[in-house]
Amino acid sequence: MAVNFSGIETSYVQRYAQDVAMEIQQTNSRLRPVVQVKPDCSGLVEFMDKVGTVEAEAITSRFADSPIMPIKHSRRKVSSQPYQFGTAVEEWDQRRMNYDVIQPYARAAAMSMNRKMDSIIVDAAYGTHYGSSDNDMTAASAYTWTGMVGGALSETGFNASSQKIPADFGYAADNVNGSALTVDKLLRARRLLSEQEVDQYDQNGIPLFIIVCSARQIESLLQETKIQSVDYNSIRALVDGKVDYFAGFRFIRYESLPTEADASPSGGSVTAEKVLAFHPNALGLCIWADVVARIDELPNKRFIPYIYYKMDMGATRLDEKLMIQINCIQ
């Protein structure tokens with residue numbers, strides 16, 4: 001079957017000048033640096049283990065035996081999925097151009113792999129994980145986390161009803177309509193996460209928590225006085241046109257978050273973006289094979305240049321208590 005490369009003709013010298021206009025797209029993985037990464041994985045599945053909290057007990061008698069107190073363990077099972085991208089360029093197409101097309105093609109392929117990494121992590125955040133609790137290390141049970149009020153999860157120590165902030169949340173009594181991301185929602189998410197007594201993540205100036213949201217939610221925040229004012233925010237948000245850090249959160253923009261219907265107090269429902277706030281210990285990425293790039297010739301295709309990228313990895317939630325779903329209208 002012949003491969004159609006008609007799109008490449010739009011780059012011929014007769015029609016365009018010397019500059020190459022790369023399609024605007026996300027370049028690097030935005031979420032990989034802020035989750036737990038386990039490299040060099042192997043086998044059909046990999047496990048990421050978690051040790052529970054412990055409590056000290058009072059000494060009530062003299063010369064008593066040293067205690068041996070149980071510590072809870074749990075683990076999450078991660079399955080891998082390989083991904084690949086490949087494309088080729090005919091030699092006569094290269095001769096009709098006034099630039100090296102291999103380089104922009106390779107960049108586009110690398111961008112696609114990085115975007116796929118982020119989608120793997122987001123899918124794991126809101127999908128089904130396979131885990132165990134109470135020292136059962138089989139990691140055989142399936143758990144689905146929705147973050148919805150009234151939701152349920154049988155895993156020990158987790159209550160899904162407290163892990164979601166509805167679209168109409170606000171401290172003001174007259175806030176009855178669904179809203180986008182607000183300072184009120186950020187402060188409530190920070191409180192819920194801080195109550196879990198997680199290890200500090202603010203060393204070297206890095207904020208305690210991460211929030212993943214779209215440009216639409218950043219736009220909403222930029223309209224709030226508390227974001228604009230230096231009395232609340234030392235970052236000049238309107239001057240820079242962005243919000244990087246606020247209320248202990250580091251903001252990461254991501255345009256492909258899932259959505260759901262959220263009830264509106266005024267009747268009906270609104271479509272809400274499921275903004276994700278979390279501590280870095282909440283999500284894990286297991287890497288069987290990191291991104292590998294090959295640019296070579298294809299002997300079976302008249303030795304034309306071939307660009308190939310591949311990777312093999314999977315992700316899972318590690319601790320739902322360290323995650324908050326913030327529903328925000330689009």
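A charge sits over a ring if NZ of Lys or CZ of Arg is within 6 Å of the ring centre and within 35 degrees of the ring normal. Arg75 meets this, lying over the face of Phe47 at 4.3 Å from the ring centre. Likewise, the charged end of Lys77 is placed over the ring of Tyr130, 5.2 Å from its centre.

Colleagues, the model is predicted: local features need pLDDT of at least 70, side-chain atom pairs count only at pLDDT 80 or more, and totals for chains, interfaces and linings use all residues. Residues are numbered from 1 along each chain as its sequence is written, and side-chain values use heavy atoms, with hydrogens and water left out.

I turn to strand S8, residues 209-213. Strands here are DSSP runs (E, at least two residues), numbered from the N terminus. Five of the five residues of S8 are buried, so the strand is largely enclosed by the rest of the structure; buried means under 20% relative accessible area, with a 1.4 Å probe and protein chains only. Phe209, Ile211 and Cys213 cover one side, Ile210 and Val212 the other.

What does S8 pair with? Strands pair if DSSP finds at least two bridges between them. Five bridges join S8 to S10, residues 249-253, in parallel, and three join S8 to S12, residues 269-278, antiparallel. Ile211 has Phe251 as its bridge partner in S10 and Ala277 in S12.

Finally, the aromatic pairs, whose ring centres (Phe, Tyr, or the six-membered ring of Trp) lie within 6.5 Å; planes under 30 degrees apart count as stacked, over 60 as edge-to-face and the rest as tilted. The whole structure holds two. Phe209 and Phe249 form a tilted pair, 5.8 Å centre to centre with 45° between the planes.

Technical notes: Buried < 20%, exposed > 50% of the residue type's maximum accessible area, 1.4 Å probe, protein only. Helix = DSSP H or I, 4+ residues; strand = E, 2+ residues; numbered from the N terminus.
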